[in-house]
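Thanks for coming. I will talk briefly about side-chain contacts, and then take comments.

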Amino acid sequence: MALEKHELKISTTGGAGVATGSGILSLPICELLALYLNYHASAPATTDVTVKSVGDPATRTLLTRSNSAADGWFRPKEQKHDDVAALVTGDYADPVIHAGALSIDVAQCDSLTDALIATVYVKV
């Protein structure tokens, strides 16, 4: 298995505190290990970020960060299931980017070029 680093820059448009933007990162089928969210210095504290694995068979939300513009590391995990579909307490796995696309949406921001730069680390 190989580790890969990808970057997605998202600019926002709209009014102060209500600007939005989004981007799609094309990836191979892989596991998401970590993200570093680097906000523009002028992004307001009302900024929301949503990270999703999109596509067939279903879109899944992997991370939702509300009302923050503080840079940081995030490592989304999914709870595992046993053979009868019951959640296994305390057992988590890296989410699979199943359709080769990771979507990142920014909302409640100001109109900014590169409002968010997301650095994404995956295991292929």
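One term before the contacts: a residue counts as buried under 20% relative accessible area, exposed over 50%, and partly exposed in between. Asp91, with a relative accessible area of 30%, is therefore partly exposed. Please keep in mind that this is a predicted model.

Asp91 forms a salt bridge with Lys80, and the closest N and O atoms are 3.6 Å apart. Asp91 lies in strand β8 and Lys80 in strand β7, so the pair ties together parts that are 11 residues apart in sequence. Lys80 is partly exposed as well, at 36%.

How many salt bridges are there? The count comes to four. Another one of them joins Lys77 and Asp94, at 2.1 Å from N to O. Here Lys77 sits in the loop between β6 and β7, and Asp94 in the loop between β8 and β9. Asp94 counts as buried, because its relative accessibility is 18%, whereas Lys77 is partly exposed at 43%.

Lys123 forms a salt bridge with Glu31, with 3.5 Å between the closest N and O atoms.

Now the aromatic side chains. The structure holds two aromatic pairs. In one of them, Trp73 and Tyr121 are tilted at 35° between the planes, with 5.6 Å centre to centre. Trp73 is in strand β6 and Tyr121 in strand β11, 48 residues apart. Both of these residues also belong to one aromatic cluster with Tyr36.

Note on methods:
Residues are numbered from 1 along each chain as its sequence is written. This is a predicted model: local features need pLDDT of at least 70, side-chain atom pairs count only at pLDDT 80 or more; totals for chains, interfaces and linings use all residues. Side-chain values use heavy atoms; hydrogens and water are left out. Rings of Phe, Tyr and Trp (its six-membered ring) pair if their centres lie within 6.5 Å; planes under 30 degrees apart count as stacked, over 60 as edge-to-face and the rest as tilted. Helices (H or I, at least four residues) and strands (E, at least two) are DSSP runs, numbered from the N terminus. A salt bridge is a side-chain nitrogen of Lys or Arg within 4 Å of a carboxyl oxygen of Asp or Glu. Buried means under 20% relative accessible area, exposed over 50%, partly exposed in between (1.4 Å probe, protein chains only).
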